[in-house]
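Okay, thanks everyone for coming.

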Amino acid sequence: MQAIVVTVDPGDAELAADQLWSMGVVAIEERRTEGAAIELWTALGEGSEVEDHLGGLTYPWRFEEVNATVGETWRRFATPTWVSDDLVIYPAWQPRPTEDSAITAISIEPGATFGMGDHPTTILCLQAMRTLSLGGATVLDVGCGSGVLAVAACRLGARRADGIDISPAAVPTTIANAIGNGVGTQVTVSTTRLAAIQGMYELVLANILAPALIELAADLRRVLSSTGSLVISGILADNHDHVLAALEPLRQTSRIDQDGWTAITLRA
């Protein structure tokens, strides 16, 4: 099988990795070289369409042939992600990490999409979502990946969650995860572009990179109900003012930071 290897300076490793995650890689291994650079070795996953997006990668890259078994070893080391004391995301191929029925445990199979639930931006989105009233809410998950946020929203009380993603792999993966978590009738997913989405939502989640947030700003405002909340992530804690400016007149109501990333909740 083929892997994409990206060479970056150490200070750019996290940004490059986030670009790769957003393109749909399913695993990244960081390797030190003899010099000062770092190589990011990716696992593309079955049916991956990462190659279609390589033109947007801003770092040097190359293809390497790797053993298919090695490409799946990351699964052995995947662990549950505790978002809070009462919410955990865990790999679907592992047993439920707790027997406590009071804890919401969500199983996720990422397939060929981005989304095991362990990336800081996903954790931040989930934490921001927990502070909001989800009872009966309608939710739009922009860039849904494996459907972690859409599934979690419904498990936490939302009436319906619609997921959209540019990657066709997101559709069967999100559907399977919704069914596996008992919310298959509440979650829909498609490759519909945000510009074509009709209607308004009480909660809009956008865990995508800053350039995409800016590009989609007008439509993110358009699909948000007048009393709803927009949660954005995928942005750096110390460099996001330009994103907030693009989303005006929405105003920031809360912010959570972790590992250099931030999630911001905005309202009209």
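Predicted model: local features only at pLDDT ≥ 70, side-chain atom pairs only at ≥ 80, totals over all residues.

Let's begin with the backbone. Most peptide bonds are trans, and most non-glycine residues have a negative phi. Here, though, the bond joining E248 and P249 is cis, with omega at about 15°. As for where that is, P249 sits in the loop that runs between α9 (241-246) and β13 (251-258).

Next, D259. Its phi is positive, near 50°, and it isn't a glycine. D259 is in the loop between β13 and β14 (261-267), and it's exposed, at 54% relative accessible area.

Okay, salt bridges. How many do we count? Seven. Let me pick out some of them.

R222 and D219 pair up, with the closest N and O atoms 2.9 Å apart. Both are in helix α8 (residues 217-222), three residues apart, so about one helical turn separates them. On the accessibility side, R222 is partly exposed at 32%, while D219 is buried at 19%, given that buried means under 20%.

Then there's D162 with R160, N to O at 3.2 Å. D162 is buried, with 12% relative accessibility, and R160 is partly exposed at 28%.

R255 and D257 make another salt bridge, at 2.9 Å from N to O. Here R255 is partly exposed at 36%, and D257 is partly exposed too, at 42%.

And one last thing: E39, R62 and E64 are tied together in a salt-bridge network.

Key: Residues numbered from 1 in each chain as written. Heavy atoms only, no water. Helix = DSSP H or I, 4+ residues; strand = E, 2+ residues; numbered from the N terminus. Buried < 20%, exposed > 50% of the residue type's maximum accessible area, 1.4 Å probe, protein only. Salt bridge = Lys/Arg side-chain N within 4 Å of Asp/Glu carboxyl O.
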